[in-house]
Amino acid sequence: MGKWYKSSRYHIVMSRNWIYVAVALLPLCSCSLKEERDECPCIVSLSLDPALEGNVVFGAVNDDGYSFRRDDVLSDEEGGTVEYEIVRGNNILYMYQGNPVSDGPLIRYRNGVQADSVFAWNSGLLNTNMEMLSISPEFKKQFATVYLSIISRNKSVFKIIVTGGVNGLDLRTMKPLAGEFACRADKIDDWYYVFRLPRQFADERLASEPLKIEVYSESGLVASCPLGEAISATGYDWEKESLSDIYVDMDINLVNVSIDVGNWEDGGEHSFKI
């Protein structure tokens, strides 16, 4: 006997003879024994981290204009494995967690709020001309959390505004998308703030405008810093698969900036000063 699998369409698939059996009142799969096998879908089986829970989006795109997308809510009961049926051919598969605005494989971050905590994966261009394909996706961190410490001798801070020219991500390539971005940093206490940035271009000239940070008191603008330029000067890698967090000390009296780059994966830290 062949090995048995449970499909997301709730039918049983026997891998040796590929006989589809309907369960309850659901219709039979579109592929029968008399049809050409190349017209059958490819069943993609994704082995996920069993600890992964919550909303997850899976999609597939190819050069012929085919696009597939499905939203799921994962729980412990799923055992870390999900399956989808896609057309055969050369496809790019992608998957992400987060809550951005999405248009197929393009996601955008809402203007006026911080970047979503998006973790994502893609397969690269993949040949799916087969009956079943098993993959173990590895989600990568697509945002940088910035921890900001304000140094001030006599100026009180009212708010921190961050603006820039990247507001999205192309999940097919994991490359940034240019567009207007603005958010207000969350206040931890009088001198400490935190905010999230989306993945940026390694060459800031590709963004629609430079990344900068502005410090306001109740009377108005106190200091402004070209944050993108300062981060780039440290050697920070915006093309790293999983982005590191960033620690910024900003002296608004001298307009000096000190930046530390933390490694999200192993907890390591590299310090730079400009």
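Author: What follows is a short talk about ring pairs and charges over rings. This is a predicted model, where local features need pLDDT of at least 70, side-chain atom pairs count only at pLDDT 80 or more, and totals for chains, interfaces and linings use all residues. Residues are numbered from 1 along each chain as its sequence is written, and side-chain values use heavy atoms, with hydrogens and water left out.

Reader: How many aromatic pairs does a search of the whole structure find?

Author: The search finds six. Rings of Phe, Tyr and Trp (its six-membered ring) pair if their centres lie within 6.5 Å; planes under 30 degrees apart are stacked, over 60 edge-to-face, the rest tilted.

Reader: Why is the pair of Phe 119 and Phe 143 called edge-to-face?

Author: The centres are 5.4 Å apart and the planes 85 degrees apart. The limits are within 6.5 Å and over 60 degrees, so the pair is edge-to-face.

Reader: What makes Phe 119 partly exposed?

Author: Its relative accessibility is 22%. Buried means under 20% relative accessible area, exposed over 50%, partly exposed in between (1.4 Å probe, protein chains only). Therefore Phe 119 counts as partly exposed. Phe 143 has 5%, so Phe 143 counts as buried.

Reader: What makes Lys 159 lie over the face of Tyr 216?

Author: A charge sits over a ring if NZ of Lys or CZ of Arg is within 6 Å of the ring centre and within 35 degrees of the ring normal. Lys 159 is 5.2 Å from the ring centre of Tyr 216. Likewise, the charged end of Arg 184 sits over the ring of Phe 158, at 5.5 Å from its centre.
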